[in-house]
Amino acid sequence: MLAVIKSYALEGIEGYPVDIEVDVQSGIPGFDIVGLPGSSIKEARNRVRSAIRNSSFDFMPRKVTVNLAPADTEKNGSAFDLPIAVGFLAGTEQIPDAALKDYVIIGELSLDGGVRRVNGILPLLISALMAGHKKFIVPRDNAKEASYILGAEVYALQTLSEVCSFLGGILDSKPVEHSEYSSDPGVNKYGIDLSDVKGQNAAKRALEIAVAGGHNLLMCGPPGAGKTMLAKCVPTIMPDMTFEEAIETTKIHSVAGCTDSEQGVITLRPFRTPHHTASLISMIGGGPNSKPGEVSLAHNGVLFLDEMPEYQSKTLETLRQPLEDGFITVTRIHRVIEYPAGFMLIASMNPCPCGYDGSRIKECTCTPLEKRRYKSRISGPLLDRIDIYADVDGVDYSDLKTGIPGENSAAVKARVEKARRIQRERFAGTLTHTNARMSNAQIKKFCTLTPGCDRLVEIAFDRFKLSARGVSRIIKTARTIADLRGGAEICETDIAEAIQYRVRETEA
Amino acid sequence: MNGKLGALVWMNRICGFATQKMQRLLAIAGDADIRRQFPSLYARVAQMMGSDTAGLMMQTCTDEELLNREFDLLARAGIRTISYADEEYPALLKEIPLPPLLLYCKGDISLMQTRCIGIVGSRDPSRYGLEVTELFSKTLAKCGLTIVSGLARGIDSTAHRAALEAGGKTIAVLGCGIDKIYPADNAPLYKKIEKDGLLISEYGPGVPASNFQFPERNRIISGLSEGVLVTEAGQKSGSLHTANNAVDQGRDLYVVPCNITSSRGFGSNMLIKKMPHCAVFSPDDVAERLGIHGYKEPVSAMQLDFIEEKLVAGLGYAELNFEQLLELTGLGASELNATLTKLELFGIIKKLDNNYYGV
């Protein structure tokens, strides 16, 4: 007898429907899975057999053929265990098949008949819901994640026998209660606050501007000056994630298998710090299963590259596309996948390999060649995508001890949110969200300079030998400074301040 | 082709002789044109340099075509050749022991007739060394002196660059072939000097840089100059060599005192210890000893407000970092940044490394 179960598989961060057809015939006993199963699916037969027996059902010796339709796309993962087992039981008439067509079933089986959590529940369910499916059976451990989807009737069950009783109408299970998204505004959940960083007012101000306008930031300073700590504070002053952002981010993290079953959706902005030995694939995504990489995991959050020149130059150069477009295209033999990658880049570096060039405390021991090599590791095109450059100096001990605590994150965050609101209104109806992503036409439209400002830019252009791109970066930054101030027009002090943050070209 | 020049180019480019050998050959020839008279000199040359070398010279001495091709090559590369007998040859350089007989030049050769001062120092200078170099080079260039240095990394490059930035003139004496850029990262500076200054070398095109040539080059730097200024030299710096040359050649030596706690200025301080009268404390000191008027920076016409005055005064006392300036001025980070930019734009202050500012 033939049973058909609806399930969903992942392609990037979207789901697509897979019909699991289980045909049970009499004949020489065997269990075949066809339809391009990956090795984790081929192994499903062993899990299914044990799970069925250990759930006190009968694994009858029959000729069983399982087809995963569409048969021409390669499938991976363990989410088909449960639908295959249910299909077998329906095919052998151990459970009634009347209710099956109403449900989309997703889940991995353990040998004892338990249902285990799978990755990517959120994107799978969202895609299925959009395709018109309403009822879902998912693992209990994925319940929290699934509960945020409005309009879905999700049944989260714990064992194969529960699933069978439920489908047979014996077990009366309630659908998972819908969870409201709340990001607890005003509560700092990051375990760090800007007021913990002593001194460093120049860098703090640079951070504020960078976050307010979505500008990429490069910090340069000796080891131990507090660059990493400052970077860690960035999420605390970023605006709270909206529901849409949270879902987008959770989708990616869910696919990558790094969500937390307690929490469900990700409410904190991601702060990703890939190590400098990170491979190209781990950074941009890909590999056999085309998993999202660090740039995508940092979507809506911060990608922090500590000691930027230590990264492989190839890895750094791949950041150019996501920095420009906000997404990354991963091309592999079997598929081309587009992952969102809208992150804010924060990079830090030392002034030289030993870290003490120009320091007042310690003498630098690097040769000129070493210094030049170190600096040349960050290519011009990459540097071009960095709007704000901040020098971070070491802190005096007296500052550490007695330093008056500066502003806390909440106060800065309030200003940032105000500036972001102004930007949202400004760019309403366009694809741009922040000042950093303004096109040239938008710069012309929104950043009119007074004659005074114009003169200032002109003097700076001559004196600091700026490039045309350098000028547009200064104007964009000045726009953000004006937004922070709440000013409609860019004034001279805004431009003057922005000029301080220009990227200082290293001397030839 | 000019007899003397032709003879020198023949010996240097075709026979491959350096200055010392050329001088010995010219001494043998006396007043005669060595190329034309070579057959009669053959025996003595063979005795001095061996018959192989003399034989080679014999083969090429009258080959006009070969020589013309060499001159063509030089002309096409834009290289001027000046022999010690030419009137363009700087008089001062003739006074030194073993002056270069043949100079390859690119750029404005009239600069060799101007008053020159050599500025030399470490290839791996401290920030202080660079700052001092910039100050002296800029000011002295503005006084009308031509800055002579060796286009090496560090102090040398900074001296050249500062002179050009101040709108002054500069001569770079290379320790490698005139067409070689060493170190290679000085290519932009090389091109700039070729355009606005003068590049000279004792070595013809194609000669690679090699260790022994740099000390030889140093004697030309001091030879061209009325005085040599050492801005920062470590214990084993090549610039000490230039300083010794200067003294041997009877030139003035000026040394800027360095930080006594840093090994980077050890050589400079040792020079001062040995020759205390060499110490100079400002560009005016140098100008005074050379008998020229010091250069006065025109007073900025910009009106400073109260806080800006305070800031500039504070920086005049010591270099301060951003945090200290916040405390000094009582401004917020945002206003302070704006103020600093304004003062920086008008050239009153400048930003240093690690968020420090100075005047």
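A residue is called buried when its relative accessible area is under 20%, exposed when that area is over 50%, and partly exposed in between, with a 1.4 Å probe and protein chains only. By that definition Lys413(A) is buried, with a relative accessible area of 13%.

This is a predicted model, in which local features need pLDDT of at least 70 and side-chain atom pairs count only at pLDDT 80 or more, while totals for chains, interfaces and linings use all residues. Residues are numbered from 1 along each chain as its sequence is written, chains are lettered from A and ligands numbered from 1 in the order in which they are written, and side-chain values use heavy atoms, with hydrogens and water left out.

**The two chains**

The table sets out chain totals. Helices (H or I, at least four residues) and strands (E, at least two) are DSSP runs, numbered from the N terminus. Accessible areas come from the Shrake-Rupley method with a 1.4 Å probe, and for residues only the protein chains shown count as cover.

| Chain | Secondary structure | C-alpha box along the principal axes | Accessible surface |
|---|---|---|---|
| Chain A | 21 helices and 18 strands | roughly 90 × 50 × 45 Å | about 21,700 Å² |
| Chain B | 16 helices and 11 strands | roughly 85 × 45 × 35 Å | about 15,800 Å² |

In chain A, 54% of the 508 residues are buried; in chain B, 54% of the 359 residues are. Contact means heavy atoms within 4.5 Å. Among contacts in chain A between residues at least 6 apart in sequence, 73% join residues at least 24 apart. For chain B, residues 24 or more positions apart make up 69% of the contacts with a separation of 6 or more.

For charges, Lys and Arg count as positive and Asp and Glu as negative, with His and the chain ends not counted. Each charge is placed at NZ of Lys, CZ of Arg, CG of Asp or CD of Glu. Chain A carries 60 positive and 63 negative side chains, and the centres of the two sets lie 4 Å apart. Chain B has 37 positive and 41 negative side chains, with the two centres 5 Å apart.

**Strands in chain A**

Two strands pair if DSSP finds at least two bridges between them. Strand β1 (residues 2-11) of chain A pairs with strand β2 (residues 14-25) of chain A in the antiparallel sense over 10 bridges. Ser7(A) has Val18(A) in β2(A) as its bridge partner. β1(A) and β2(A) form a hairpin with 2 residues between them, and Gly12(A) in the turn has a positive phi of about 65 degrees.

Chain A also has an open sheet of 5 strands with parallel pairing, in the order β11-β14-β17-β10-β18. β11 (271-272) and β18 (388-391) of chain A stand at the edges, each with a single partner strand, so one side of each has no neighbour in the sheet. β11(A) pairs with β14 (residues 302-305) of chain A in the parallel sense over 2 bridges, and Phe271(A) stands opposite Val302(A) in β14(A).

**Lys413(A)**

Lys413(A) lies in helix α17 (residues 409-426) of chain A. Leaving aside neighbours within four places in sequence, Lys413(A) is in contact with Thr236(A), Ile237(A), Met238(A), Pro239(A) and Asp240(A).

**The interface**

Buried area is the accessible area (1.4 Å probe) that two parts lose on being put together, summed over both. Between chain B and chain A it is about 3,000 Å², of which carbon and sulfur atoms give 48%. The contact takes 31 residues from chain B and 35 residues from chain A.
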